[in-house]
Amino acid sequence: MPFRQRKIAVMGYRSVGKSSLSIQFVEGQFVDSYDPTIENTFTKSTRINSQDYELQLVDTAGQDEYSIFPSQYSIDVHGYVLVYSITSEKSFDVIKIIYDKLLDITGKVHVPLVLVGNKTDLHMERMISYDEGRKLAEGWNAIFLEASAKQNTSVSDIFHTLLMEIEKADTKMNEKSNCLIS
Ligand SMILES: Nc1nc2c(ncn2[C@@H]2O[C@H](COP(=O)(O)OP(=O)(O)OP(=O)(O)O)[C@@H](O)[C@H]2O)c(=O)[nH]1
């Protein structure tokens, strides 16, 4: 089977671990330093259910409630990883705003996405419970995962689950267009 190219954007408030999750997934390492990202694109090949994928991972600049959703991330992107930190209420508030803007700009009611609560290793500093994250994702009809880029917990699950969500959405689209033709 020929490989499929898929583009994923990782978005969220500043310092929630977007780069760390991307680097952990692509390079298998955690760098404990903080260097704010402007934009970084990684490529990684991966195989799921005997299908090969070439994944383009766009690690985006941290957003806040006042940021304008960068329009380049609404085109050509197949799915989104929306990240907050379980230690930051602000990042949880901002992720809801980013989600609203994403639906607004794409004009879609359903976008393949995974909501990620990162930094679970910092359990003493937890501000957002697992249930709060789960409920938010449930309301969006999206997948929810808690992760730790530092301990490499659930990191590959994020990207693999998202790829499967993208496939599901593609299949639905194809079914719909087949209906229109026949
Ligand atoms: N303890 C812990 N620290 C983390 C984890 N993920 C990221 N960090 C730390 O959090 C800080 C910010 O991480 P980044 O990956 O740069 O965050 P970012 O979201 O890409 O930041 P911006 O580029 O500013 O938007 C760094 O000091 C990381 O080492 C994690 O899972 N656990």
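Q: Before we start, when are two residues in contact?
A: Two residues are in contact if their C-beta atoms, placed from the backbone, lie within 7 Å.

Q: So what does V116 touch?
A: Leaving out residues up to four places away in sequence, V116 touches V81, L82, V83, L145, A147 and I158.

Q: What kind of model is this, and how is it numbered?
A: This is a predicted model: local features need pLDDT of at least 70, side-chain atom pairs count only at pLDDT 80 or more, and totals for chains, interfaces and linings use all residues. Residues are numbered from 1 along each chain as its sequence is written.

Q: Which residues touch the most other members of the largest nonpolar core?
A: That core has 39 residues, and I8, V10, Y80, V81, L82, V116 and I158 touch the most other members. A nonpolar core is a set of buried Ala, Val, Leu, Ile, Met, Phe, Trp, Tyr and Cys residues joined through C-beta atoms within 7 Å. Buried means 20 or more other C-beta atoms within 10 Å of a residue's own, C-beta atoms being placed from the backbone.

Q: New topic. Which strands does β1 join?
A: β1 (residues 4-12) runs parallel to β3 (residues 51-60), with seven bridges. Five bridges join β1 to β4 (residues 79-85), also parallel. Strands here are DSSP runs (E, at least two residues), numbered from the N terminus. Two strands pair if DSSP finds at least two bridges between them.

Q: What stands opposite R4 and G12?
A: R4 faces Y53 in β3. G12 faces V83 in β4.

Key. Helices (H or I, at least four residues) and strands (E, at least two) are DSSP runs, numbered from the N terminus. A residue is buried if 20 or more other C-beta atoms lie within 10 Å of its own, exposed if 12 or fewer, and partly exposed in between; C-beta atoms are placed from the backbone.
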